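Below is a short briefing on one structure, meant to be read with the sequence and the 3D view open. Look at the structure first, then work through the points by topic.

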Amino acid sequence: MVPISYYLVLSAILFSLGVVGFLIKRNLITLFMSIELMLNAVNLAFVAFAWQWKSLNGQVFVFFVMVVAAAEAAVGLAIIIAVFRTRETLNVDRVNLLKL
Amino acid sequence: MSAAILTLVTFVPLAGALLMMFFPRRDELARWFALVVTLLGFVLSLHLPLHFTRAASGFQFEINIQWISSPNIHYHLGVDGISMWLVVLTTFLSPLCVLISWKSVHERVKEFFILLLILETALIGVFVSLDLFLFYFFWEASLIPMALIIGMYGHERRVYAAVKFFLFTMIGSVFMLAAIIWLYARTGSFEYTAIQRAMQSGQIGWEAALWCFLGFFLAFAVKVPIFPLHTWLPDAHFEAPTAGSVLLAGVLLKMGTYGLLRFNLGLFPEQAREHAPWIITLAIIGIIYGALVAMVQPNLKKLVAYSSVSHLGFVVLGIFSFTQAGVDGAVYQMLAHGVSTGALFMLVGILYERRHTFEISEFGGLATPMPVYATFFMIIMLSSVGLPLLNGFVGEFLVLSGAFQAKAVYGILAATGVIWSACYLLWTYQRVFFGKVNRDANAVLPDISARERIALWPTALAAVAMGVAPLLWLNAIEPAVRAVLSPLAQMAEGLVR
Amino acid sequence: MIQAVDYIRVLPEIVLTLFGVAIMMVEGALPPRASRKPLGWLAFVGTLAALAATVYQAGYPGMAFFGMVRVDSFSIFFHFLIAFIAALVVLSSFEYLDAQQIRGGEYYGLILFGAVGMVLMSSAVELVLIFIALEISSISTYVLAGFRRRAPSSIESSIKYFLLGSFATAFFLYGVALIFGATGSTRIYMIAETIQGGKHSAMVFTAVALMFVGIGFKIAAAPFHVWTPDVYEGAPAPVVGLMSTAPKAAAFAVLLRIFFAAATPGWFWPVWISAALSMTLGNISALVQDNVKRLLAYSSIAHAGYLLVAFAAARDIGISAAMFYTAAYALMNVGAFAVVSHFASAGERYVTLEDYAGLGRRSPVLAATLTIFLLSLIGIPITGGFFAKFYVFSAALKSNLVWLVIIAVVNSAIAAYYYLRIIVLMYMRDAREPAPTVQNVSAPLGVALALTVAATIYLGVLPGRVLDYASRGAALLVR
């Protein structure tokens, strides 16, 4: 049987990949996908813990997270389209009217 | 009546200000209304000395209601012989300020009088609060209208002066707030008397009490101002409109000396005694420094401002002499200085309205075109010098005799200050009023108008009355001062030896 | 079992949702050229109904929906605050939308939906529900931030808020997952029992840290604050008034529940450091800003820092101080942004400090109103800001956090400078030529401003009742 720590390490690696991707990538869509990766890493952790505690709750949470992620995606992509309309670029470095 | 009177006296001006906000923008209406409100305040405040039990030493007309339960803040007002006169001084000067600003403030008139009335409430509140929190509340509240009066209605560098004034006092009072909160955390009360009891019972360590003493001292020293912290004062005075200067010199500076007496002496007698020598040294430096700078001042208004630094040095000296005479004199000097310097600023302001300059060299021989003005100036100037039978004399005499009792060298050094002040004031008077009329513009200056006369007469009368019959005031001051000094009595003896 | 009373315990949420849905439906039915004002009024009625529902709900404290929602003085306090803020923002939006020529009824619907999420955040005691509520509030505000669709800066603000906000929620969610793994539950009170049972694994500490990162973004505490000035600068001014206050209040409520009700360990030093950093960075950066919205953004970072000081104080007085601070801060900030939104005019043209020069002469009432809010932000007596700071500092002093208080006091002195700069500009400088025109204040905005001024002064003169209520909520939390 695969020990729980394997799942957790995998989840942590996925989450970190998401974080790193968010920090170094410059394309808005890629940034967005990094966030999705982070959320899915969390889902993996939830499932693993659900298995550990023998509780269905953890599995149910995954559905909630997926629904919320979908809602977020809808709004997020709409905003990204709005950015593309005004700027004709998806590069974050060029979306820089406001000083950062 | 006697329970509500202090509330009335304090908040009538504020109520007037709030009412005035809803007035139409008619300048004349604002002026008259402000005058009526301030006069009403003065009449109400006369209730205090008329019904004051003079022999008693404690606080009178007290009102004590819980205001906020957590923290335990009380709406606790009350006056003793010291603060009562300061309240009356404030209400006395306020209508005069309205009169003197009648013409000189000509734009945003309504706002000006609103600010003036709010300021009056804050100033009275400072003197009547017996709850430290309430005291701090009014103390800070007085800052904003004053800064706005300077910054909005002053002369060219008004913004600089207003910001400097604000930052100096603000930084000073932050330390006082820290001390107040600390005292509250230890004693669980903001009440003056409760904290006083806690201090006397030795509930608070010497070291900690010293830090609190210094916190309070810094806030008050900025306000007085005591010598190295005085640099905001000439700027603020010079840039402020006349009414602002009158209240600044007449009342705001007294908040500092009042605080020193009430809190630094009243709450921390041991620390005060321990640290009196250097405070007195600073006071004496202030007396002499202020006088010397005033002497070489080419600018009439700055001259009066520096003379304030010098005169308030006397007050601080008197307070920290820890003798009955010295502290009596300090309190008396506060009142006398309020009247005469207030009047001096009014006189200087009147001159400015006519010539738009404060340079002494621009004037000369003014006694010819303006005889009445010259007479008023003479009376007020002499009272400021400290001529017997005028108000300045009583205070200075008592302070000096207190200082001599404390240590002869203090008295001797401070006495030179009296001589200096006679020199620069008389010399200024000579340059401005005597001799030939040296400028054409000066030859045709109109003498003071009826309105200005009405503003000046009360100050001149007060100056004479306070000089001739000092006991009228002193018999209320003395018991209060004795109460403040009683824990110091034995320690002060040690200082004499 | 779900009982009728359970629905009462989420009544404000239900009311707000119904009104929000109604607005969305009517919006679709309205002809494109028709005025959207009626929808705004509908939203206003919705917020009032939510306030009424909150008051009604206060009579039915307790748990609902299998222990996922809890109504007590603590949640009532935040419900009331959030609904009140939403009402104020709706009132101050009428005129703004006209001036910007934005014709979109969904604006009001989104405010209500956002409020649903925030209200739910403050009463939820189950971490996944908190997450969902957080997302409901966030998604609405992401859209609101980009509502000036034609202005590139607004869209940019929206995308930045969206990306960083989702990034932060992922952290929060990971924290939730870990704490679920460590304790086997996501219910705050169950977690508390497990933790008090002495299970302090490294996982709990990591979970707390991750959740703090997530919420730290929402409350704009340093070092998670970098998005704040950009987002606030670009977003429509009334929306900034909303999102700098209500979601923050809700996020603070969540943080308080997690730290105190769940009694999680290990947050003291992170909070201490974050408080010190937020105050210092916020205030120092605010000193050099020329744009009023950016200045207020940095100021809001600094205020988050003062609030965290109360967290570090870690006693019931600390919690009540934090709650009071949230309320006082929310009122003055909503008010300040309402003035800014009015003054900005079409296209948000007038938002630099220079534009405020001479405002005291041209528009005395508006200037006086802004002055009151600024004085409150400085913390001058007779304004709510004073007592807020006072309670926080004395709570911290009682917990012997002397250094933190010293940092806070020094910071308040620095902060006085940049707020004063605006006041000085308004009253003591002449307007540049040509002077920006100031429209007359419309009636709804006037009501909103009058309410905020009155509330700010009320908190400054009679803070007792609000503080008492906050203390009751706080007592429930530390128990």
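How many residues of chain B are in contact with how many residues of chain C? The answer is 24 residues of chain B and 20 residues of chain C. The model is a predicted one, and the predictor gives the complex an ipTM of 0.95 and a pTM of 0.84.

**How the chains meet**

- On the side of chain B that touches chain C, helix 5 (132–153) and helix 6 (158–187) of chain B each supply at least two residues.
- Helix 6 of chain B gives the most to that side, with 12 residues.
- By type, the side of chain B that touches chain C has 18 nonpolar, 3 polar and 3 charged residues.
- Of the 2 pairs of chains that touch, chains A and C have the most contacts.
- Their contact takes 33 residues from chain A and 30 residues from chain C.
- Helix 1 (4–24), helix 2 (28–53) and helix 3 (57–87) of chain A each supply at least two residues of the side of chain A that touches chain C.
- Helix 3 of chain A provides the largest share of that side, 15 residues.
- The side of chain A that touches chain C divides into 26 nonpolar, 5 polar and 2 charged residues.
- Chain A and chain B do not touch, and their nearest C-alpha atoms are 30 Å apart.

**Helices packed together in chain C**

- Two packed helices are described by the angle between their axes and the distance between the axes.
- Helix 4 (residues 73–100) of chain C and helix 12 (residues 246–261) of chain C have axes 9 Å apart and pack at an angle of about 170 degrees.
- Angles over 145 degrees count as roughly antiparallel, and helix 4 of chain C and helix 12 of chain C are therefore roughly antiparallel to each other.
- From helix 4 of chain C, the contact uses C:Phe78, C:Leu81, C:Ile82, C:Ile85 and C:Ala86; from helix 12 of chain C, it uses C:Ala246, C:Ala249, C:Ala250 and C:Ala253.
- The residues of this contact between helix 4 and helix 12 of chain C are 9 nonpolar, no polar and no charged.
- The axes of helix 18 (residues 384–398) of chain C and helix 20 (residues 443–461) of chain C cross at roughly 45 degrees and come within 6 Å.
- That angle makes helix 18 of chain C oblique to helix 20 of chain C.
- Here C:Gly384, C:Phe386 and C:Phe387 of helix 18 of chain C meet C:Thr456, C:Leu459 and C:Gly460 of helix 20 of chain C.
- The contact of helix 18 with helix 20 of chain C divides into 3 nonpolar, 3 polar and no charged residues.

**Helix 2 of chain C**

- Helix 2 (residues 11–29) of chain C has 19 residues and reaches 27 Å from its first C-alpha to its last, close to the 27 Å expected at 1.5 Å a residue.
- Which residues of helix 2 of chain C are buried? They are C:Leu11, C:Pro12, C:Glu13, C:Val15, C:Leu16, C:Phe19, C:Gly20 and C:Ile23.
- These buried residues pack against helix 1 (4–8), helix 3 (37–57), helix 4 and helix 5 (106–123) of chain C.

**Backbone details in loops**

- B:Val224 and B:Pro225 are joined by a cis peptide bond, with omega about -10 degrees.
- B:Pro225 is in the loop between helix 8 (206–223) and helix 9 (232–239) of chain B.
- The peptide bond from C:Ala222 to C:Pro223 is also cis, with omega near 0 degrees.
- C:Pro223 is in the loop between helix 9 (202–219) and helix 10 (227–234) of chain C.
- A:Lys54 is not a glycine, yet its phi is positive, near 55 degrees.
- A:Lys54 lies in the loop between helix 2 and helix 3 of chain A.
- Is A:Lys54 buried or exposed? A:Lys54 has 8 other C-beta atoms within 10 Å; a residue with 12 or fewer counts as exposed, so A:Lys54 is exposed.
- B:His356, which is not a glycine either, has a positive phi of about 55 degrees.
- B:His356 sits in the loop between helix 13 (324–355) and helix 14 (371–385) of chain B.
- B:His356 is exposed, because it has 10 other C-beta atoms within 10 Å.

**Confidence in chain C**

- Chain C averages a pLDDT of 89, and 99% of the residues score at least 70.
- Confidence in chain C is lowest in helix 16 (residues 359–362), at a mean of 83, and highest in helix 5, at 94.

Note on methods. Residues numbered from 1 in each chain as written. Chains lettered and ligands numbered in written order. Predicted model: local features only at pLDDT ≥ 70, side-chain atom pairs only at ≥ 80, totals over all residues. Contact = placed C-beta atoms within 7 Å. Helix = DSSP H or I, 4+ residues; strand = E, 2+ residues; numbered from the N terminus. Nonpolar A, V, L, I, M, F, W, Y, C, P; charged D, E, K, R; others polar. Axes fitted to C-alpha atoms, helices over the stretch in contact; angles between N-to-C directions. Parallel < 35°, antiparallel > 145°, perpendicular 65-115°, else oblique. Expected span 1.5 Å × (residues − 1). Buried ≥ 20, exposed ≤ 12 C-beta atoms within 10 Å, placed from the backbone. pLDDT = per-residue confidence, 0-100.
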